[in-house]
2 protein chains.
Amino acid sequence: MVNLEWYRTFKAIYKTGTLTGTAEVLFISQPGVSLHLSSLETYVGHKLFDRTGRKMIPTEHGKVLFNALVDPLTKLEEVEKNFQRSTEKHVPTISVGMCFETFQITLEQYVSTLPFNLIISFGDYPEMLDQLDKGILDLIITPKKGISANIEHESFSHEKIVLVAGKDVDSIAFKEVLKTKNKGFIEEWLKQQKWYGTTGDMEHLFNFWNLNFGKKPDFRPNYIVPNLNSIVRCLSAGTGLAVVPDFLCHSEIDNGSIQLIWEGDKKLKNTLYFGNRKKTVHHEEIDHIKTLFRKVMAR
Amino acid sequence: MVNLEWYRTFKAIYKTGTLTGTAEVLFISQPGVSLHLSSLETYVGHKLFDRTGRKMIPTEHGKVLFNALVDPLTKLEEVEKNFQRSTEKHVPTISVGMCFETFQITLEQYVSTLPFNLIISFGDYPEMLDQLDKGILDLIITPKKGISANIEHESFSHEKIVLVAGKDVDSIAFKEVLKTKNKGFIEEWLKQQKWYGTTGDMEHLFNFWNLNFGKKPDFRPNYIVPNLNSIVRCLSAGTGLAVVPDFLCHSEIDNGSIQLIWEGDKKLKNTLYFGNRKKTVHHEEIDHIKTLFRKVMAR
DNA sequence: ACACATGTATCATATTTATGATACATGTGT
DNA sequence: ACACATGTATCATAAATATGATACATGTGT
């Protein structure tokens, strides 16, 4: 098996052009460098440098190898810097998992202001929970609590799944229909309208329909757009209906570009939780993000 | 300095959960694994695993470290596979440098059909030439020849920098103006029109104007779009003028959605070259790409 | 053309690192 | 509660690796 140190030495030779220089850079002896290189050359089965008078010139194979490993190797060398036992703080990286739509209307606007690095990861909730436990994620925003003992959940807001419409939709007429309390009428009126949906999940629409009409919706949305925020933007154009979490369109409802026309007979409401490991070295950063969330969600 | 092998061992411990298992996976002894881990722990200054009865449980620091290094480390471990002295061929990766617009109208459509991996790199020509020499690129498409002895150039096509217009532009009128051969008239007529430009370089327009009017253009384009292909698409809508390389809009000119209204009094013409290292292990793949280019450029 | 500066390869030797043997620790099943 | 399976830590020792000294090679400047 190739010794990873050979790679480091190889890269340094490639950069410095001499074994002596490499030795100085890596704080090892020149014969050691020579040894590393010859070991690597033997291993890969190709000469990697042409030894000219003063300089090591990479061969074609050397160039190919170099390109194959510079990027990951450089990144790996960087890792060390973040772990030196030093007093100087380094900028940590926080990984947060949530659904795409939530990110767009909450954190996105603040990303550039964060005093640490951020990785947003989109995925489904059980997977996110697993990754949180494994340490791949540091914080998740989810409507479903997990059961792991290492993870603490904290509710911070609610989402209501509601029926919204563009401002040009005749909500007065719909109110009249609602007043009849006749499920058949209501359903029929709704099915007459133009509906929006997303490529991925129809979960909200299914649940909403199921809760209010006791069955699956027997129609397909007329327009399929990439995500829930696209729906909100489309509705803002004037017409159409969709079932979405209310917090995704608070501002649009407030300024009148979208109407909340029905919260449902039985209301569909989820609690939103923060989830993070109880033990974490990133409490400060996580709290920072939580604060931003609370600010955005409290309107 | 950390020994990169410690990382490999650390990752394996994280994955297997035991030192013994790690030893088997890495073909080293269990005490060796123990040594690597304790060395790494000493170095980073934190315990990385809790030793429970049967399993190594990563500590918070262990999780953070793991996340910091899995990706690059895994990639680095992959490198080895591509260099084993084996008879089985592996899929090579070819790096090609060219300008963004050229890529879009030539290679883009064939990318999925290539029997090798491809990395397209966009940059300026001198830099690309340098990277070609260093082995970071394997092939470049450029209008400027370099001088390095290791690099061979081959002309394969030409580009004419021409004045094009949307189909609704009154080219008959412009022909009349051209007939006057009065530079002032021509310039005036052109400046009356709506012009397109790109965010980045105005080089084509500058050169064209300079060659035909002996000065810099004293107006700014009315519409600034991201790249030359955007210009072509915008012009296809009907109106507007732009100076672009002809090969970017061959098909649009042919089908009449764009008019080539002036090649200039003095023609602005570049030769396009392939550039690659004379010594390369990727001749076959490079020839494949060259063939595609010749096919696209010959119309 | 020469001395010199710069750089690589090869030794014997020193140091580091890995190993096998084994003691010790902790869950598991009866 | 006990024996046993599974796993880690710690030795002395073996093997691998790194080092300093030095020979050798090749450009550079006078």
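Ala, Val, Leu, Ile, Met, Phe, Trp, Tyr, Cys and Pro count as nonpolar, Asp, Glu, Lys and Arg as charged, and the others, Gly among them, as polar.

## Basis of the report

This is a predicted model, in which local features need pLDDT of at least 70, side-chain atom pairs count only at pLDDT 80 or more, and totals for chains, interfaces and linings use all residues. Residues are numbered from 1 along each chain as its sequence is written, chains are lettered from A and ligands numbered from 1 in the order in which they are written, and side-chain values use heavy atoms, with hydrogens and water left out.

## Surface near DNA strand C

The surface near DNA strand C holds six nonpolar, eight polar and three charged residues. A residue is near a strand if one of its heavy atoms lies within 4 Å of it. Among the 17 residues surrounding DNA strand C, the closest are Leu19(A), Thr20(A), Arg54(A), Ser29(B) and His36(B).

The side chain of Gln30(A) has an N or O atom 3.0 Å from a base nitrogen of DNA strand C. For Arg51(A), a side-chain N or O atom is 3.0 Å from a phosphate oxygen of DNA strand C. Such a polar contact is a pair of N or O atoms within 3.5 Å; within protein, one must be able to donate a hydrogen and the other to accept it, and residues adjacent in sequence count only if both atoms are side-chain atoms.

## Surface near DNA strand D

Around DNA strand D there are 17 residues, of which Ser29(A), Leu19(B), Thr20(B), Gln30(B) and Arg54(B) come nearest. A polar side-chain atom of Gln30(B) is 3.0 Å from a base nitrogen of DNA strand D.
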